[in-house]
Amino acid sequence: MKQFATLVIASTTILFGVTIPFVQAQAQTPTYRLIERDMAANNRIQVQITPGRATPISFTQTDEAIAYILVADPSRLVYTTDTDLKSGRATTIFLRPIQPLKFPGATTTVITNLLVQTVDKTGQKRLYNFDIVPVRRNTGYVGIQIANAIVVPLQGSKLRIANAPEDVAVPLQGSKLAASPIGFGTARRRRTASENSAIAGQQTLLIDKNRRARVDDIETGLRIAINRGYTNKSDPVVPKVQQILSLLRNSKVTIPEAATSVGVPVEVISELGRIALNDRLLRLGQQR
């Protein structure tokens, strides 16, 4: 239960702007943490660095260029970029831990933060805040990739990455729910008919302002969580999630209602859906 509890904490902290979870394509093969741009800009992102290894933070999947970088405590960390910042074309930062240095009058901390300001093709600036966490063991990923807003395919539509947040729409039963540049709270209040008047087996759950998870996504997320060691089959929460899946496929209840009836926080179900959606996007990106 301890491992899965960590998963719940990671999901819940998104609501308070602390951190967000990461994605792996396979448990055996370290890969990139894929994080949506809007979520990354509104949350502190934790980046683990390992002695003797470089860890990249990449904006190549967006139209942003890196304009400014600040390390709060430079005594333990150095960085380079793929090209000079003055060129206006830098898109990747490479972080490397170093032996601690002493700077007269400077304060130090084990976990420092890295501030990155970017500018996109329209001139819009964004400020990202990364918490840099030194670890001794190899991390489960090779670096961070910031991606544009994501659209999740429903009912056979094709997955695409939108060029801008205002281009994002989630197709639901032939209609389109346009995502506007509004806060998460407003987006959550705009429930569609398919979520409020549930059809057995076709319920969806709003994951963030642009994405919805289906019942199959939740099941896939549970399988991935088990395979990657986030939890194990003997964890008491696993049969509860399976019970929720059974309820959803055989009853006209919404996903939050099913989760509440079984006693599982809806944040857990939301996180399982997020894992599946991120994994699908990452696999599609690797096929291109």
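Predicted model: local features only at pLDDT ≥ 70, side-chain atom pairs only at ≥ 80, totals over all residues.
## Overall composition

The protein contains eight helices and 15 strands. Of its 288 residues, 47% count as buried. Among contacts between residues at least 6 apart in sequence, 64% join residues at least 24 apart.

## The four-stranded sheet

Another open sheet has four strands in the order β2-β8-β7-β4, and here too the pairing is mixed. The edge positions are taken by β2 and β4 (65-71), each pairing on one side only. Neighbouring strands of this sheet are turned by 30° against each other on average, direction ignored.

Strand β2 covers residues 44-49. Its pairing with β8 (residues 125-134) is parallel and extends over six bridges. Ile 49 stands opposite Pro 134 in β8.

## Val 47 and its surroundings

Val 47 is a residue of β2. Its relative accessibility is 0%, and it therefore counts as buried. Leaving aside residues up to four places away in sequence, Val 47 touches Arg 33, Thr 55, Ile 57, Leu 95, Phe 130, Asp 131, Ile 132, Val 133, Tyr 141 and Ile 144.

One of these contacts is with Leu 95. Val 47 and Leu 95 are 48 residues apart in sequence, and their C-alpha atoms are 9.7 Å apart in space.

## The hairpin of β14 and β15

Strand β14 (residues 204-208) and strand β15 (residues 211-214) pair in the antiparallel sense over four bridges. Together they form a hairpin, with two residues between the strands. Asp 208 has Arg 211 of β15 as its bridge partner.

Five of the five residues of β14 are buried, so this strand is largely enclosed by the rest of the structure.

## Packing of helices α5 and α6

Two packed helices are described by the angle between their axes and the distance between the axes. For helix α5 (residues 215-227) and helix α6 (residues 237-250), the angle is about 165° and the axes are 10 Å apart. Because angles over 145 degrees count as roughly antiparallel, α5 and α6 are described as roughly antiparallel to each other. The crossing of α5 past α6 is left-handed.

On the α5 side, the contact is made by Val 215, Asp 216, Ile 218, Glu 219, Leu 222 and Ile 226. On the α6 side, the contributing residues are Val 238, Val 241, Gln 242, Leu 245, Leu 248 and Arg 249. By class, the residues of this contact divide into eight nonpolar, one polar and three charged.

Key:
Residues numbered from 1 in each chain as written. Heavy atoms only, no water. Axes fitted to C-alpha atoms, helices over the stretch in contact; angles between N-to-C directions. Parallel < 35°, antiparallel > 145°, perpendicular 65-115°, else oblique. Left-handed = near helix turned anticlockwise from the far one by under 90°. Contact = heavy atoms within 4.5 Å. Nonpolar A, V, L, I, M, F, W, Y, C, P; charged D, E, K, R; others polar. Buried < 20%, exposed > 50% of the residue type's maximum accessible area, 1.4 Å probe, protein only. Pairing = 2+ DSSP bridges.
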